[in-house]
Amino acid sequence: MYGSHNTFTAYPVRRWYMRLLQPFARCQRKDVEGQIACGARAFDLRVRFGKGGLVACHGLVEYKAD
């Protein structure tokens, strides 16, 4: 694995109702540390501005990635 697509999608969702869309948004099964251990060196970090600053996301689904 040289790079990962939608790196933060392995983390838990921020709100309970986002679990309904999780199967369609998930691209990774490992967190960032696990992806590095597998050899990833390029990361696709998708974020947007939210209430507390930047929020990890993929489409409508937001993730708890700090």
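**Stop 1**

Begin with the open sheet, in which three strands are arranged in the order 3-4-5 with antiparallel pairing. Its edges are strand 3 (47-50) and strand 5 (61-63), each of which pairs on one side only. From one strand to the next, the twist averages 50 degrees. That angle is taken between N-to-C directions, on a scale from 0 to 180 degrees, using axes that are lines fitted to C-alpha atoms. Strands here are DSSP runs of E with at least two residues, helices are runs of H or I with at least four, and both are numbered from the N terminus. Two strands pair if DSSP finds at least two bridges between them.

Now select strand 4 (residues 53-58), which is joined to strand 5 by three bridges in the antiparallel sense. Which residue of strand 5 is the bridge partner of Ala56? The partner is Tyr63.

**How to read the model**

This is a predicted model, in which local features need pLDDT of at least 70 and side-chain atom pairs count only at pLDDT 80 or more, whereas totals for chains, interfaces and linings use all residues. Residues are numbered from 1 along each chain as its sequence is written, and side-chain values use heavy atoms, with hydrogens and water left out. The predictor's confidence in each residue is its pLDDT, from 0 to 100. For the chain the mean pLDDT is 90, and 98% of the residues reach 70 or more.

**Stop 2**

Select Thr7, in the loop between strand 1 and helix 1 (22-25). Thr7 counts as buried because its relative accessibility is 0%. Buried means under 20% relative accessible area, exposed over 50%, and partly exposed in between (1.4 Å probe, protein chains only). Beyond its neighbours within four places in sequence, Thr7 has contacts that include Gln28, Phe43 and Leu45; contact means heavy atoms within 4.5 Å.

**Stop 3: the nonpolar core**

Val32 also belongs to the largest nonpolar core, a set of nine residues that includes Phe8, Met18, Ala56 and Tyr63. Such a core is a set of buried Ala, Val, Leu, Ile, Met, Phe, Trp, Tyr and Cys residues joined through side-chain atoms within 4.5 Å.

**Stop 4: the cysteines**

Finally, look for disulfides (pairs of cysteine sulfur atoms within 2.5 Å): the whole structure has zero. Cys27 is in none, and its nearest cysteine sulfur, that of Cys57, is 12 Å away. Cys27 counts as partly exposed because its relative accessibility is 37%, whereas Cys57, at 10%, counts as buried.
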